[in-house]
Amino acid sequence: MVSRPHISSLFWGVGLLPAFVLVAVMVPNPVLRLAMGDVVPLLVITAAFIVSARNALDSRGHTRLFWSLMTAGMAMWCFNQACWVWFEVVLRKPLPDPFQGDIVLFLHVVPIMAAVSIRPQEAEEREGMLPSALNVIILLVWWVVVYAFFVFPEEYVVTNVLVYSPRWDLLYFIEGMMLIGASASAFFTSSGSWRELYRNIVFASALYTFSSSAINAAIARGTYKTGGIYDVPFLAATLGFLWVAIAGRRCLRDIQMMPSITRASRPIAPELAKLALLSLPIMGYWALFLSNQQPYLRQVRFAVAMGGVAVLAFVVFLKQHLLDQRLLHLLNHSRKSFDNLQRLQGRVVQQAKLASLGELIALAAGELEYPLSAILSRSERMAASSNLSREQLSNAQKIGQQARRTRELVSDLLSFSQQTPGEKSFLELKPLLQRAVQMEGFKLENRKISLTVESHDPLPRVLGNANQLLQAFLQIIENAVDALQEIGGGRLQISLWREANEVVVQFADSGPGLRDPERVFDPFYTTKPVGKGTGLGLSATYGVVQDHKGQITCYNRPEGGAAFEIRLPVVKVIAPIAEAARV
């Protein structure tokens, strides 16, 4: 629904046309008709420029680029019309021929054509702002080269009005028809507020193209007079572009916040840029080998074409470089997203395994606890009896030993299945790691194994359970020591550092490496001999790290050996402040 201010604007615009017609037909004073024929279109174009500029300031992204290009086209048009006012109204002289303002008038359609071609409602997903701007530059350079190739030599190098004037009129008509085609294509491939906007541009550009062609034909016949009947459709065209800006401001919020639902279509601006680049060598070839003009003019045209090729080649190279950089960025982003997805999937699968096995283990361990207690009690009684022979006593002791070992295994199973969150507090990881290294170092018999801890002080604290993290660190260190003992010695280096909002703990050894890194955290997976490992230690460590909102990974190092990395989130700044407030 059109608002009241816009209805008023439309009313005044429509009412201006009959008044203009009455002046053109009934007023005999040529000075008044001349002033009205020049000043009124200037005022309308200036108003269109102001409203378009406001639309550009109040929008963003490709929509701002669209209205900025529309503003540039209106500004160039306004400059040309002001030149007409200066010569015909102020100086009361006819326009010179050739007229320098014709260059600006010829090029003012290019920004409007580029605004329609970039398709702002589609461009957000297609490419960035800078490549779109480079497409506009390619179109502008091409039209400058076309003008310099076909019109400029006979206009300024060797002036020939009979040659350059029809060429100017023809090129200007072709330019207008291309604007109509681009806006019509945008109209048929869009919907919503954008479709209405493109519809208004189609009508305004069609009216402007044909009215301008009629005026140019009248000028060529010598029958045109400023303020006459030929200026009526021209004024209607200026009012049409003013309505484009006003209606665009009315739906500015809609086209900015609600993207258009578009049909599948190929972007126009890149295709036009390709055609522009391919056409210039053909123009140069024609000028050099097929033209029958003077050698000097042929050389000028060939130089213009080759200069355009050089400029366009540089712009295309720059655009391709930007697109390659954007493609690499998207590839890196996709790779990171895929890695994160794989990591998340692995964590979900691992947690599902631990949850289901935990329930099974808890049930089995509970059933084994009572018979094991009975076996251990009876074996201890038998071993304490004095009526047994030496062989019977040895068997009783063995039974008790194996029962106690089985009971420890059941205790480990229960501990694995009951990984409940412990009480957490703020703690530093380096003292825990040093304590774990000391505890493991006391048990080392192989003096060729070295354990070191390196850190980049100061490190932030983490929120965790000291006992659980200590057991997790001990488990990783024990596995690394076992691997080093297999090869007769080596080094385990533990490093701590901060990355963003995480503290990273890395355990890197010089052992034989991991046989199957993807299965390391699976329950009951172990590469140790029978009787030496249950395969639950690293699974329990995985559960501890998950309970601390962290991540644990493992991999084989390129230089040899295995590496385990634990990432734990650091304590936020507000936590120490709150703790200090309680004190």
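Reader: Where is P98 placed among the helices?

Author: P98 lies in the loop between α3 (61-90) and α4 (101-107); helices are DSSP runs of H or I with at least four residues, strands are runs of E with at least two, and both are numbered from the N terminus. A cis peptide bond, with omega of about 10 degrees, joins D97 and P98. The model is predicted, so local features need pLDDT of at least 70 and side-chain atom pairs count only at pLDDT 80 or more, while totals for chains, interfaces and linings use all residues. Residues are numbered from 1 along each chain as its sequence is written, and side-chain values use heavy atoms, with hydrogens and water left out.

Reader: Which phi does A500 have, and where is A500 found?

Author: Although A500 is not a glycine, its phi is positive, about 55 degrees. A500 is found in the loop between β4 (490-499) and β5 (502-509). A500 is exposed, at a relative accessible area of 67%; exposed means over 50%, buried under 20%, and partly exposed in between (1.4 Å probe, protein chains only).

Reader: How many residues does the largest nonpolar core have?

Author: A nonpolar core is a set of buried Ala, Val, Leu, Ile, Met, Phe, Trp, Tyr and Cys residues joined through side-chain atoms within 4.5 Å. The largest one here has 85 residues, and those with the most contacts inside it include W143 and Y198. Helix α7 (residues 129-150) gives the largest share of this core, 12 residues. A second, separate core of 41 residues includes V503 and I552.
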